Amino acid sequence: KIPITFKPLEKELYSDQVEFSTRTDKFTVNVQAVLPTYSIDLPHSLEFETCGIQTTACKTFTLVNRSIETYFKWNVAAPFSIEPALGLLPEKALRCHDQIYSQRGSCL
């Protein structure tokens, strides 16, 4: 075993080769450094039950963080709001208590 230490100068992808020579042969080893990526699962849509005008309907949903620690901030348009509006998802964590609110019903 030969330890190889990699100390990047910039926060970017790296791809290179290390060449080794022995008395009888040469060979190369591919070396790659990748950046961590975000992987968060959340519902594609939420369906609210019918509610009266000027009343509030609440729906709870789950966020699953499958990767690195991630900050989040929701941007939603009225009449909706999400609580908590911002926060931190720890690495590989499950968050079950985010709620989205509809503050106005509509007449059909």
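Mentor: One term before we start: a polar contact is a pair of N or O atoms within 3.5 Å, and within protein one must be able to donate a hydrogen and the other to accept it. Also keep in mind that this is a predicted model.
Trainee: Okay. So what does the side chain of N65 reach?
Mentor: The side chain of N65 gets to the backbone oxygen of L89, at 3.3 Å.
Trainee: And where is N65 placed?
Mentor: N65 is in strand β4, which covers residues 57-65.
Trainee: Is N65 buried or exposed?
Mentor: Buried: the relative accessibility of N65 is 2%, and the cut-off for buried is under 20%.
Trainee: Which residues is N65 in contact with, if I skip its neighbours within four places in sequence?
Mentor: You'd list S39, I40, T70, L89, P90, E91, K92 and A93. Notice that L89, whose backbone oxygen the N65 side chain reaches, is among them.
Trainee: Are they buried or exposed?
Mentor: F61 counts as buried at 6% relative accessibility, whereas W74 is partly exposed at 22%.
Trainee: Which residues do the ring pairs link into a cluster?
Mentor: F61, F72 and W74.
Trainee: New topic, the surface. Which residues form a nonpolar patch there?
Mentor: L13, V34 and L35 do, with about 300 Å² of accessible area together.
Trainee: Where does L13 lie, and is it buried or exposed?
Mentor: L13 lies in the segment before β1 (14-21), and it counts as exposed at 59% relative accessibility.
Trainee: What about K11, where does that lie?
Mentor: K11 also lies in the segment before β1. K11 is exposed, with a relative accessible area of 76%.
Trainee: How are K11 and V34 separated?
Mentor: Along the chain they are 23 residues apart, and the C-alpha atoms of K11 and V34 are separated by 9.3 Å. V34 is one of the residues in that nonpolar patch.

Notes: Residues are numbered from 1 along each chain as its sequence is written. This is a predicted model: local features need pLDDT of at least 70, side-chain atom pairs count only at pLDDT 80 or more; totals for chains, interfaces and linings use all residues. Side-chain values use heavy atoms; hydrogens and water are left out. Helices (H or I, at least four residues) and strands (E, at least two) are DSSP runs, numbered from the N terminus. Buried means under 20% relative accessible area, exposed over 50%, partly exposed in between (1.4 Å probe, protein chains only). Contact means heavy atoms within 4.5 Å. Patches are made of residues with over 30% relative accessible area and no salt bridge: like charges are joined within 9 Å, nonpolar side chains (Val, Leu, Ile, Met, Phe, Trp, Tyr) within 5 Å. Accessible areas come from the Shrake-Rupley method with a 1.4 Å probe; for residues, only the protein chains shown count as cover. A salt bridge is a side-chain nitrogen of Lys or Arg within 4 Å of a carboxyl oxygen of Asp or Glu. Rings of Phe, Tyr and Trp (its six-membered ring) pair if their centres lie within 6.5 Å; planes under 30 degrees apart count as stacked, over 60 as edge-to-face and the rest as tilted.
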